[in-house]
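Please open the model in your viewer and keep the sequence panel beside it.

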Amino acid sequence: MSQAEQPAQGREVDPTERLELLLRDLRSARSGLTSREAARRLVQYGPNELHRRGGHRWPGELVRQFTHPLALLLWAAAALAWVAGIIPVAVAIVVVIVINAAFAFVQELQAERAVEALAAYLPVQAKVLRDGRPAVVPAAELVPGDVLVIDEGDRISADARLVEGGVEIDLSMLTGEAMPVFRSAELLDTGVSLLRARDLVFSGTMCTEGRARAVVFATGMRTELGRIAALSERVQREESPLERQVRKVAWLIAAIAVVTGAAFVPLATFGAHLPVPEAAVFAVGLLVGNVPEGLLPVITLALALGVRDLARRGAVVKRLSAVETLGATGVICTDKTGTLTENRMRVTVIWTAAGTYEPEDGPAAGDARDPALGGLLSVMVACNNAQRDLAGTLTGDPTEMAMLAAADRLGAPGRTGGRLRLFHFDPVLKRMSTVDERDGGTWVDTKGAPETVLPLCTAIMEGGEVRPLTAARRHDVEQVVDAHARRGLRVLALAARRLDPARPAPQERADAERELTLLGLVAMHDPPRAEVAEAVAYCHAAGIRIIVVTGDHALTAAAIAQQVGIAGEHPVVVTGERLDAMSEHDLDALLREHRQLIFARSSPEAKLRIADALRAEGHVVAMTGDGVNDAPALRRADIGVAMGRSGTDVAKEAATMVLTDDNFATIVAAIRSGRQVYDNIRKFICYIFAHTTPEIVPFLVFALAGGAVPLPLTVLQLLAFDVGTETLPALALGREPAEPGLMRRPPRERSESVIRTSMLLRAWLFLGVICAVLSMSGFFYVLLKAGWHPGDPTGPGSPLHHAYRQATTMTFLGMITCQIGTAFAARTERASLRSVGVTSNPLLLWGIAFELALAAVLIYTPPFQALLGTAALTMDMLAFVAPFPLIVWGADEIRRWLLRRREAQPL
Ligand SMILES: Nc1ncnc2c1ncn2[C@@H]1O[C@H](COP(=O)(O)OP(=O)(O)OP(=O)(O)O)[C@@H](O)[C@H]1O
């Protein structure tokens, strides 16, 4: 079938026609498709994927590499050389442009691939009915006719018509409207635009509340989202703050290069009595040598490779800039369940007024004479959305799975009657209720946090009798709750009320959840993750603050925080109620005064307030979350972290980083990677900047000597040095292993620039000056040895001409060998190279080998000798430059040693 025929397929049906007709047209039913039929349709309709236009963008990309502003500057330089009549220089500059563009192109392509590969780490899933049963399938395998099961927090992956139920939908992806809209199977709309029809849902939108089933009528490019994607060009990659910063600096340096070049002309004409066109050519050479055109692509690639590494470790980030933000993270606001703990709940204790039971002991321990226990088990089973599939495996919320498992163990019968109503778990109210037909009657069954359930109870089941819940009784129950919570257990209270059969079942939550009878408490254990304690210790050493923001009980949260080392003996615990009563000013003061803080019984809105307050104080904040209501806080934090396994699609969409293993330790590993990438970027910037001084000095010496010293480096040699030595070692420095002590220093300030004055001083005035002095010494060594005196002619035909060519070659080789030393020196900022291992970066060794091989070709092959003005060097000359790398590197080792010593000294 041709592509052109495709769009008709999905829309051979009218999604707004009567539901029965639509199902007939789609050859489907309310129970969905069979697996075999779905597989057949997948072949017919193709995968449910979007193909963005503009897949073959590389010609445009390539052109961009030749036309970005720095390249244009180089083109202007080439034109200038051409006009001045120095054709080889003009050609050489064009070669520089081409080589740089090719490198940049390859790097950007690689960067893009690395980011695109991320999609594989976060496969989008969809819940459908297949063969009449719920199943989870890759969203790409959805076909028209499939019946989707939509739950709160789900991303909808195809256009569909609601078959039953009602949902709140966030349509902002399609319409830009921020407010969710209600969509229901009961509302039939015809004659309106599809997006307005109140019984339709669309691919790319999110379900923020409710439950529904819907039959798919369009997939892939035939969806509304597909139409938009077909219209719009590929999304532009936004530039990260780091790239923006470096772009600015690159421009500054380019400006300096232009000024230095321009200043050289009068200096050379008046000082060294050079004809103006010749002086102009040198100026152009200087300019080309100093424009840092290779810098940005190297940074982009370093960030992209950082993103790829993070994904491999379980942290999928969605923006390149997240890598650098991670490196500056100063506060992690983490929830508890599933992040610090394993999210594998196990009921350890059940309490009723008549006794305490331990489900681990089995049914024998369940006392049949305790009617409260019987009722409690009924509520545990009825007020529960967890499900057991045919194989007996439980699925659903871990708290509820634990309850179902415990009830089983205590010998409770399965669900008997039907459910009349569900008031779903509300993270603000922290409870859930159902209206059920069970045990020969109709009941309201409630479970939730004791603080929210106890106030709704007026009675307690005690020894088979319903007694009033007096203040004293209430106090006793609270004592039991505290005792269990103090051990780190999550405690839920369970209550029920028998309804009058003559009256209709309550429709409102408030009407249902009142005058309840407390049946008992269920305490469950969720062990801390083994890796968390070590990760916490890492954070503390790295000056990163950890704030726990949890929906759980204050004592439970404090106990777990203590177990993993986040909090000491007496942590400051602030409950949601107290936080709500706090002014912004009080909250700021609280966050400033106490490093160890736990926010318990907090609502998702609390997370937003905390993130805002911390950011206002200048902290870079990472915030975890998994629910629909967490989305605003995830967006507001610098790094919103969503849980890949337990999190809702809404949270994942809002987050900057998704943890595929839900593990706190992964956040810390990601911060470490962020710091490492940032460090490495600094290393190669230092390396690239260090060759500015040795490039300028030969021209300065020439100009300032007023003609007494011949030019120590030709323009073509300078260009060859620039192209041959910059990119490969810089790329290798981007892959440096982490420097020791990386996680023992405080986080970087938000405002700190990647290029610091100390780094510039080190590059230009320390490493640069040493390199310049050494390469100039090589130049004079050869000249003086040949009997040269200042002012002697060295031009073609003069007796000293060969020696002069060898001398410039010495400057050239001296600069290359010094750069090798610089590359080793730049590998660490503070530490000694021995502590990271001299050969621990094989890429760098390869880069250097390439550099030396290239130098040999340029110096010893006749065509290049003719082009660059080089001459073969003798053994003693090679012996002269051989120690240069060691000298540069050694000098920097001493500098770093002094630096470390000074830092270690008490103030
Ligand atoms: N399915 C549920 N039904 C009824 N009550 C629940 C249910 N799940 C949790 N609760 C109660 O609500 C409280 C808050 O739960 P919530 O899921 O918001 O946070 P959490 O998972 O404990 O913590 P965190 O925010 O650290 O993930 C729990 O401590 C528990 O008392």
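A residue counts as near a molecule or strand if one of its heavy atoms lies within 4 Å of it. The model is a predicted one, in which local features need pLDDT of at least 70 and side-chain atom pairs count only at pLDDT 80 or more, while totals for chains, interfaces and linings use all residues. Residues are numbered from 1 along each chain as its sequence is written, and side-chain values use heavy atoms, with hydrogens and water left out.

**First stop: the ligand**

Select the ligand and the residues around it. Which residues come nearest to the ligand? Of the 19 residues around the ligand, these are Lys 336, Arg 490, Thr 550, Asp 552 and Arg 601.

Next, display the polar contacts, a term for pairs of N or O atoms within 3.5 Å; within protein, one atom must be able to donate a hydrogen and the other to accept it, and residues adjacent in sequence count only if both atoms are side-chain atoms. A polar side-chain atom of Asp 552 lies 2.9 Å from an oxygen atom of the ligand. The side chain of Asp 397 has an N or O atom 3.1 Å from a nitrogen atom of the ligand. At Gly 551 a polar backbone atom takes part, 3.2 Å from an oxygen atom of the ligand. The protein buries 89% of the 610 Å² that the ligand exposes when taken alone; such accessible areas come from the Shrake-Rupley method with a 1.4 Å probe, and for residues only the protein chains shown count as cover.

Now colour the model by secondary structure. Helices (H or I, at least four residues) and strands (E, at least two) are DSSP runs, numbered from the N terminus. Helix H14 (398-409), strand S16 (441-448) and strand S19 (490-498) are the elements that give two or more residues to the shell around the ligand. The largest share, three residues, comes from S19.

By class, the shell around the ligand holds nine charged, five polar and five nonpolar residues. Here Ala, Val, Leu, Ile, Met, Phe, Trp, Tyr, Cys and Pro count as nonpolar, Asp, Glu, Lys and Arg as charged, and the others, Gly among them, as polar. Domain 2 (321-341 + 529-659) and domain 3 (347-525) each supply at least three residues of the shell; the domain bounds come from an automatic or database domain assignment.

**Second stop: the whole chain**

The chain has 35 helices and 26 strands. Its C-alpha atoms fill a box of roughly 120 × 75 × 45 Å, taken along the principal axes. Of the 907 residues, 55% count as buried, where buried means under 20% relative accessible area, exposed over 50% and partly exposed in between (1.4 Å probe, protein chains only).

**Third stop: aromatic rings**

Select Phe, Tyr and Trp. Their rings (for Trp, the six-membered ring) pair if the centres lie within 6.5 Å; planes under 30 degrees apart count as stacked, over 60 as edge-to-face and the rest as tilted. The whole structure contains seven aromatic pairs. In one of them, the rings of Phe 779 and Phe 780 have centres 5.2 Å apart and planes at 75 degrees, so the pair is edge-to-face. Is Phe 779 buried or exposed? Phe 779 is buried, with a relative accessible area of 0%, whereas Phe 780 is partly exposed at 24%.

Move on to Tyr 781 and Phe 880. Their ring centres are 4.3 Å apart and their planes at 15 degrees, so this pair is stacked. Tyr 781 lies in helix H29 (residues 757-785) and Phe 880 in helix H34 (residues 875-881), so the pair ties together parts that are 99 residues apart in sequence.

Select Asp 439, in the loop between strand S15 (431-438) and S16. Most residues other than glycine have a negative phi. Phi of Asp 439, however, is near 45 degrees, a positive value. Asp 439 is partly exposed at 46% relative accessibility.

Finally, select Asp 662, in the loop between strand S26 (657-659) and helix H25 (664-690). Phi of Asp 662 is also positive, near 60 degrees. At 6% relative accessibility, Asp 662 counts as buried.
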